[in-house]
Amino acid sequence: MEFYEDPSNSLKIEEVLLPDFQQKFKVNPDFSKNKFETDRTYWVKVSILKQPQSEKNWILEFYDQTIDEIEAYIPGADGVKKSRFGRSKSL
């Protein structure tokens, strides 16, 4: 997956969506779930090819149930919708 590591934890979605920012997303084949820094924010870019004729429901699943918080920004006709998930949301 393409991602950007934000050591400042200060980026906003408006900054991440800018066209000039897109080049900062990279695939790192050497990255491992054991190599992340817990005090940093990771922006992950997931590209999904929409198939309007599809009647299936799809689930995006993260393999690590210990992730405290995930904010998903989902584009739609009315703009970008934010949804929050993760372990801290179920406590």
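Reader: Is Glu69 buried, partly exposed or exposed?
Author: Glu69 is partly exposed, because its relative accessibility is 36% (buried is under 20% relative accessible area, exposed over 50%, partly exposed in between, with a 1.4 Å probe and protein chains only). This is a predicted model, in which local features need pLDDT of at least 70 and side-chain atom pairs pLDDT 80 or more, while totals for chains, interfaces and linings use all residues. Residues are numbered from 1 along each chain as its sequence is written, and side-chain values use heavy atoms, leaving out hydrogens and water.

Reader: Which side chain meets that of Glu69 in a salt bridge?
Author: The partner is Arg84, at 2.2 Å from N to O (a salt bridge puts a side-chain nitrogen of Lys or Arg within 4 Å of a carboxyl oxygen of Asp or Glu).

Reader: What about Glu71 and Arg84?
Author: Their side chains also form a salt bridge, at 3.5 Å from N to O.

Reader: How do strands β4 and β5 pair?
Author: Strand β4, residues 70-76, and strand β5, residues 79-85, are antiparallel, with seven bridges (pairing requires at least two DSSP bridges). Two residues separate them in a hairpin, and Ile70 has Phe85 as its bridge partner.

Reader: New topic: is Ser83 buried or exposed?
Author: Ser83 counts as buried because its relative accessibility is 15%. Ser83 is part of strand β5.

Definitions and conventions. Helices (H or I, at least four residues) and strands (E, at least two) are DSSP runs, numbered from the N terminus.
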